[in-house]
Each structure stands twice: as structure tokens, then as C-alpha cells.
Amino acid sequence: MKFTKLDYCQYLLSSQINYTITNLAEHLENISHDQINYYLKNAKLTPRLLWDNVKDVIMTDDNGYVIFDDSILDKRYSKEIEIVRRQYSGNEHGVLKGIGVVSCVYVNPNLQRFWVVDYRIFNPDADGKTKIDHVKDMLQNLVYHKLLPFDTVLMDTWYAVHNLMLYIDSLDKIYYCPLKNNRLVDDTFGKEKYKRIELLQWSEEELECGKIIKIKGFPANKKVKLFRVTVSTNRTDYVVTNDLSQSSTDVVQQVCKIRWKIEEFHREIKQLTGIESCQCRKARLQLNHIACAMLVWVRLKNLAYRTGQTIYQIKQKLLSNYLIEQLKRPSISMCLV
């Protein structure tokens, strides 16, 4: 029998704990471990495959959002996986051995639904590209090839660099992203020296409506609008946008909440698809495993939207069905003396 990506995706969707090739081979009658390994080693599954499977289920909106962020697939115990590298993990608040994945999530704000539409593997040793380069590539692809309608780009602090922000400007798109507290800015229109954002003075009107600033390193005539957003009692974010007409801190706060959709995606794909669990050493096998995990998430999410359930309920139902069947016709009958 021929082993295909459909077979591997079905395994990732159906399995609950163990996502290894060895476990898969043990549960297939006519497919060996070597056949599975051969397929994953020779297939070339790319991010294009993800788009081919999501483009017909995604519900677009002209006012849609695209969110960019990266996540580290934890490989801290690996020693010989080719594309594993030490890199900073926001969740771990430190350096972690893993595979970096830069993802793009599309959000329909009216439906409050989201889909992953693209991703890139952060592997500068192979392609020389930074995470910023990957985001620019995906943006270009969204606008000129996928022709996906959207209005606003949301990013984390790590992507708030001037060349990416100016590139988004050139695409006639709006961006919102938080800036680090030590970023140098000027809110005096050149009357004073640049100062750290956390040292800015805010009037009551500016707290409510934002203030026009210039970020150091930006072109002389390029101004943006800064908002001081209270996230919690212990945290304040300074959010910048190129939409100078924006005049409500409350609206900016609501927009920034949408960015957490990509964190929801990261949590779901790690917990339900086994994306971190591949133990293969070769880069190509890891890349194909990641591609299949992306496809499985799309399938689960689409089912969740269609049935009104959560993605966790969809996956858990597989175990529930198993338990129902075992209670009716147990494989191992209970005996008492």
C-alpha cells in the first residue's frame, strides 16, 4: 500500500498522546516504519499546501486583520535534529532549543473567526533570512498573489522595526504594534531631543486620544500616533499606529486584543496536533511534519466552526466515542471474584 500525506494527517488528527512514526507504524497493518520514513524524507510539503486547503473555507472581510508572530517548537531535549537552534522564547522568557515558526493568521472581525493562512520556518543558516524578512515575504504574498482582502496588520514588539513598518505603509495598510519602553521618540516636533517612551508626559486629552510622535530612525516627515494602553494593573503598553485619524485609546485597546488570536492558534496547534512531537533528525522530515500539523489544525478548526463546538471538544470527542464503544462492547471484560 502507498503511504500519503492524507494518511499522516489522519494519524496526527486521530492520535491523542503519541505522535511518533514508530507509534504510527505499530497501528497500521500494511505500512512499515520504513515506508512512512521514506515518504516523509522524500515528500516536499510547503506552505503553499496550507493555502490550497484553507482558501476555500476562509471567510474574508475587506476590514480583515492579519497577525504575524513567531512560536518556538520545543526541542530542548534534542541533540541531532538539523534545524533546531537556540533562540529566544517569549513563553519561556529565555533562550530555548527549538524550531522557530513565523505564522500569519487572518481574522474576520465581524465573525470573530480566524484561520492560519501562511507560515515560514526560521532557519537563517539555510536561507539567510530574518523573521522580519519572512513577514515581508508573507505580506507580499498576501497582497500580490493570494489577493486576500485585509485592512490592518497586527504585530508584536519584536516586529516593530522601521523597515517593516514603512513597508506596510507602502502597501497602503494600517498597522498597530506595541513599542518597547526604551524606544526613542519625539513628541515635541523637533523642539527637544529624543527620549524614551516611558519618560513621555501625557495630558488627559492625550491619554484619551493619543499623541503624534516621530520615532528615531524614521524619515523626517514620517509621523505616527502613539497610545498609552492599560493592559492590566501591572502592565502598560505603548501602541503605535500609522493611522493618524485614530483618536480613541479604547478602540486601540480593542484592536490590540485581536492580536491574541494568534496566541490562541499557537496554543491549539501545540496541544492538539503533535506539531512539537516529531523526533526525526532530518530537516525535511521535520518540515513535512509541521506542514501536516498545520493542515490538521485547519481541519479541526473548520469542523469547530461548522458544528459550534470548540476545537478541543472536537478532538476530545474521539476519546468519548472510544469510551462509549468500550462500555458497550469492551475489548477487555472486567471480572470479579
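## Close-up views of a predicted model

**View 1. A glycine just past helix 10.** Just after helix 10, Gly 274 has a positive phi of about 70°. Helices here are DSSP runs of H or I with at least four residues, strands are runs of E with at least two, and both are numbered from the N terminus. This is a predicted model, in which local features need pLDDT of at least 70 and side-chain atom pairs count only at pLDDT 80 or more, while totals for chains, interfaces and linings use all residues. Residues are numbered from 1 along each chain as its sequence is written, and side-chain values use heavy atoms, leaving out hydrogens and water.

**View 2. Helix 10 from end to end.** How far apart are the end C-alpha atoms of helix 10? They are 16 Å apart, which agrees with the 16 Å that its 12 residues (261–272) should span at 1.5 Å a residue; the expected span is 1.5 Å times one less than the number of residues. The buried residues of this helix are Lys 261, Ile 262, Phe 265, His 266, Glu 268, Ile 269 and Leu 272. Buried means under 20% relative accessible area, exposed means over 50%, and partly exposed lies in between (1.4 Å probe, protein chains only).

**View 3. Glu 268 and its partners.** Glu 268 sits in helix 10 and is buried, with a relative accessible area of 4%. Its side chain makes a polar contact with the side chain of Lys 301, at 3.1 Å. Such a contact is a pair of N or O atoms within 3.5 Å; within protein, one must be able to donate a hydrogen and the other to accept it, and residues adjacent in sequence count only if both atoms are side-chain atoms. Beyond four places in sequence, Glu 268 is in contact (heavy atoms within 4.5 Å) with residues including Phe 114, Trp 297 and Tyr 312.

View 4. Phe, Tyr and Trp rings (for Trp, the six-membered one) pair if their centres lie within 6.5 Å; planes under 30 degrees apart are stacked, over 60 edge-to-face, and the rest tilted. By this rule there are 6 aromatic pairs. Phe 3 and Tyr 39 have ring centres 5.8 Å apart and planes at 70°, so this pair is edge-to-face. Phe 3 lies in the segment before helix 1 (5–14) and Tyr 39 in helix 3 (residues 33–42), so the pair ties together parts that are 36 residues apart in sequence. For Tyr 8 and Tyr 11 the centres are 6.3 Å apart and the planes at 55°, so that pair is tilted. Being 3 residues apart in helix 1, Tyr 8 and Tyr 11 are separated by about one helical turn. Elsewhere, Phe 114, Phe 265 and Trp 297 form one aromatic cluster.

View 5. How many disulfides does the structure hold? It holds 0, where a disulfide is a pair of cysteine sulfur atoms within 2.5 Å. For Cys 256, the nearest cysteine sulfur is that of Cys 177, 8.9 Å away. For Cys 278, the nearest is that of Cys 280, 3.6 Å away. Cys 278 is buried, at 5% relative accessibility.

**View 6. Ile 121 in strand 4.** Ile 121 belongs to strand 4 (residues 113–122) and is buried, at 15% relative accessibility. Ile 121 and Val 102 are 19 residues apart in sequence, yet their C-alpha atoms are 6.3 Å apart in space.
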